[in-house]
Amino acid sequence: IILIVLQPDIGTVSILFAILFGLLYVGRANIYHMLSLAGAGVTALILMIMMAPYRAKRFMTFLHPELDPQGVGYHINQAFLAIGSGGIFGRGLGHSLQKFQYLPEVAADSIYAIIAEEMGFVFAVALIILLILIIMRGFMVAKNCNDDFGRLLVSGIIIWFATQSFMNIGAMVGIMPLTGVPLPFISHGGTALAIAMGAVGIVVNVSKSVSKS
């Protein structure tokens, strides 16, 4: 975590903290130890925001995206325009307007906004439901594991997918600050997709061993 903070990459650090706390909870760690660690993490986050003015600007943009629509708030406001203009059923596949030099990172961080614009509210909600079903299935696999290693391994992978999905989609709809993390299985990027599919393969392998037992 310290090495990633030094890069700096706060989005990835947030995902690692979520995995850490999730595994501590699944592993039945002492609640007071977890609270102490949470306090240290919040303190470190405040210090990182104070040390880098651009992080403070991002946080203020999250609270008030309308303050600087042509500057630091440009990305989130363009995402809002994309999602809002999609309506209920969208403009149609391939007919997005925002992806033409308006919304940054349309194939990576902002892919959910483009999906909502082209396919509409119904498909965007269906995608969230699909992700929730995958996450629930993963936790069921972890719950049915007979050994602690498999239970913790699957739990860590599913917490990773859940946190990263929430951070990406949450940033696009304005309930999370922009962090720059991709949407698992959907955002463009060969390395991210390969690692995600490899992790799913591990979950499937554990699920296979659970079903045999």
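Student: At what angle do helix H2 and helix H7 pack?

Tutor: This is a predicted model, in which local features need pLDDT of at least 70 and side-chain atom pairs count only at pLDDT 80 or more, while totals for chains, interfaces and linings use all residues. Residues are numbered from 1 along each chain as its sequence is written, and side-chain values use heavy atoms, with hydrogens and water left out. Helices are DSSP runs (H or I, at least four residues) numbered from the N terminus, and axes are lines fitted to C-alpha atoms over the stretch in contact, with angles from 0 to 180 degrees between N-to-C directions. For H2 (residues 10-26) and H7 (residues 148-173), the axes are 9 Å apart and the angle is about 140°.

Student: Which term describes the orientation of H2 to H7?

Tutor: The two helices pack at an angle of about 140°. Angles under 35 degrees count as roughly parallel, over 145 as roughly antiparallel, 65 to 115 as roughly perpendicular and the rest as oblique. H2 is therefore, relative to H7, oblique.

Student: How do the residues of the contact of H2 with H7 divide?

Tutor: Contact means heavy atoms within 4.5 Å. Among the residues that meet are Ile15, Ala18 and Ile19 in H2, and Leu152, Ile159 and Trp160 in H7. Ala, Val, Leu, Ile, Met, Phe, Trp, Tyr, Cys and Pro count as nonpolar, Asp, Glu, Lys and Arg as charged, and the others, Gly among them, as polar. The division is 9 nonpolar, 7 polar and 1 charged.

Student: How are H6 and H7 oriented to each other?

Tutor: Their axes come within 10 Å and cross at roughly 160°. H6 and H7 are therefore roughly antiparallel.

Student: How are H5 and H6 oriented to each other?

Tutor: H5 (residues 74-86) packs against H6 (residues 111-143) at about 20°, with the axes 7 Å apart. That angle makes the orientation of H5 to H6 roughly parallel.

Student: Which residues of H6 meet H5?

Tutor: From H5, the residues in this contact are Ala79, Ala82, Ile83, Ser85 and Gly86. Their partners in H6 are Ala113, Ala116, Glu117 and Gly120.

Student: At which residue does H6 bend?

Tutor: H6 has 33 residues, yet its end C-alpha atoms are only 32 Å apart, short of the 48 Å that a straight helix would reach at 1.5 Å a residue. The bend is the angle between axes fitted to the seven residues ending at a residue and the seven starting there. H6 bends by about 130° at Gly120.

Technical notes: Expected span 1.5 Å × (residues − 1).
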